[in-house]
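Biologist: I would like to learn how to read the features of a structure that is new to me. Could you take me through one, with the general idea before each case?

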Amino acid sequence: MDSILTETEMKMESSIESLDRRLLNIRAGRANPAILDGVNVSYYGVDTPLKQLATISIPEARQLMIKPFDRSTLGAIEKGIYEANIGLTPNNNGEVIILNIPALTEETRRDYVKQAKGIAEECKIALRNIRQDANNDIKKLEVTEDEAKAGQDEVQELINKYNKVVDERLKVKEQELMTV
């Protein structure tokens with residue numbers, strides 16, 4: 001029974017980590033290098049993460065600067081940013097690529113909040129699926145009815161705890177998005 005609970009908690013923890021990663025990708029009108037996490041660049045025919053080809057810095061609050069280790073990759077990096085479809089237009093000056101992050105309009109902010117809520121709901125669905133699997137595993141064990149009920153109660157306590165975490169993370173992200 002303890003192994004089921006431990007495994008269930010580990011799965012729920014990884015769902016929260018996934019939620020955090022996905023929420024990071026919703027930009028809040030400020031420069032954040034995490035926006036570029038999903039950008040891959042074709043480097044000598046191999047898809048390579050942008051982070052491995054360049055340093056990414058934040059010279060201003062609404063600007064990202066990408067300085068490649070090898071200047072010959074500038075064009076490929078630019079192409080990779082376009083293909084990643086992150087909604088930013090790269091400006092190449094021959095040495096670095098500058099990404100200007102536009103200020104968010106009220107409507108865009110609301111859309112991002114909706115997107116964040118959708119991601120949070122997907123996380124809650126994943127948590128419920130994990131709970132269901134754990135409860136099924138507990139039912140398969142050869143234990144008394146009281147022990148099985150106690151195990152299921154512990155799983156319910158876990159999901160309540162992690163649902164609160166999801167709600168807190170969503171609230172923080174919502175505040176971040178709605179702050180002008």
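Modeller: Let us begin with tyrosine 44, which lies in the loop between S1 and S2, where strands (E, at least two residues) and helices (H or I, at least four residues) are DSSP runs numbered from the N terminus. Please keep in mind that this is a predicted model, in which local features need pLDDT of at least 70, side-chain atom pairs count only at pLDDT 80 or more, and totals for chains, interfaces and linings use all residues. Residues are numbered from 1 along each chain as its sequence is written, and side-chain values use heavy atoms, with hydrogens and water left out.

Biologist: Over how many bridges do strand S1 and strand S2 pair?

Modeller: Two strands pair if DSSP finds at least two bridges between them. Here strand S1 (residues 40-43) and strand S2 (residues 46-49) are joined in the antiparallel sense over 4 bridges, and asparagine 40 has proline 49 in S2 as its bridge partner. The hairpin of S1 and S2 has 2 residues between the strands, and tyrosine 44 has a positive phi of about 50° although it is not a glycine.

Biologist: Is tyrosine 44 buried or exposed?

Modeller: Buried means under 20% relative accessible area, exposed over 50%, and partly exposed in between, with a 1.4 Å probe and protein chains only. Tyrosine 44 counts as exposed because its relative accessibility is 68%, whereas tyrosine 43, at 27%, counts as partly exposed.

Biologist: Which kind of aromatic pair do tyrosine 43 and tyrosine 44 form?

Modeller: Rings of Phe, Tyr and Trp (its six-membered ring) pair if their centres lie within 6.5 Å, and planes under 30 degrees apart count as stacked, over 60 as edge-to-face and the rest as tilted. The structure holds 1 aromatic pair. Tyrosine 43 and tyrosine 44 form it edge-to-face, with 4.7 Å centre to centre and 65° between the planes.

Biologist: In what order do the strands of the open sheet lie?

Modeller: The open sheet has 4 strands in the order S3-S4-S6-S5, with antiparallel pairing. Its edge strands, each pairing on one side only, are strand S3 (54-60) and strand S5 (90-92). Between S5 and strand S6 (residues 97-100), which run antiparallel, there are 3 bridges, and proline 90 has leucine 99 in S6 as its bridge partner.

Biologist: Which residues does asparagine 135 touch?

Modeller: Contact means heavy atoms within 4.5 Å. Asparagine 135, whose place is in helix H3 (residues 106-140), touches Gln152 and Val155, not counting residues up to four places away in sequence. Asparagine 135 counts as buried because its relative accessibility is 15%.
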